[in-house]
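Subject: Structure for your review

Hello,

Here is the structure you will be working with. Please look it over first; my notes on what was found follow below.

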Amino acid sequence: MNTARGFRRKREEHGLDQNELSQITGISKAMICYIEKGMRMPSLETVVAVVEALHCPVDELLDREVS
């Protein structure tokens, strides 16, 4: 599982930069940057906010393989 890669990939798939995702979700741009660099793990609230904003499954956002 590579959460940093998943967050960045899904954001870019939606054509958003970090600032735009921040505005949509209410998550600070700094936190989004930290998550995408692998410096911080997102809280459950952050994951839910991004999943709702990007309309994507949690597994895809977290770049998790589902068997």
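**Notes on the model**

D63 is buried, with a relative accessible area of 16%; buried means under 20% relative accessible area, exposed over 50%, and partly exposed in between, using a 1.4 Å probe and the protein chains only. D63 lies in the segment after α5 (58-61). Helices here are DSSP runs of H or I with at least four residues, strands are runs of E with at least two, and both are numbered from the N terminus. The side chain of D63 makes two polar contacts: one with the side chain of R5 at 2.5 Å, and one with the side chain of R9 at 3.1 Å. A polar contact is a pair of N or O atoms within 3.5 Å; within protein, one must be able to donate a hydrogen and the other to accept it, and residues adjacent in sequence count only if both atoms are side-chain atoms.

Some background on the source. This is a predicted model, in which local features need pLDDT of at least 70 and side-chain atom pairs count only at pLDDT 80 or more, while totals for chains, interfaces and linings use all residues. Residues are numbered from 1 along each chain as its sequence is written, and side-chain values use heavy atoms, with hydrogens and water left out.

**Overall form**

The protein has five helices and zero strands, in the order α-α-α-α-α along the sequence. Its radius of gyration is 11 Å, which agrees with the value near 11 Å for a compact globule of 67 residues; the radius is taken over C-alpha atoms, and the globule rule is 2.2 Å times the number of residues to the power 0.38. The C-alpha trace spans about 35 × 25 × 20 Å along its principal axes. Of the 67 residues, 39% are buried. Contact means heavy atoms within 4.5 Å, and of the contacts between residues at least 6 apart in sequence, 60% join residues at least 24 apart.

**Helix α2**

Q18 is found in helix α2 (residues 18-25). Q18 is buried, at 16% relative accessible area. Its side chain makes a polar contact of 2.8 Å with the side chain of E36. Apart from neighbours within four places in sequence, Q18 is in contact with R11, K29, I32, C33 and E36.

Which residues of α4 are buried? They are T46, V47, A49, V50, V51 and L54. These buried residues pack against α1 (3-13), α2, α3 and α5.

In the loop between α3 (29-36) and α4 (44-54) lies G38. G38 counts as exposed, at 55% relative accessibility. G38 and N2 are 36 residues apart in sequence, and their C-alpha atoms are 8.5 Å apart in space.

H55 is exposed, with a relative accessible area of 71%. H55 has a positive phi of about 50° although it is not a glycine. Most residues other than glycine have a negative phi.

Regards
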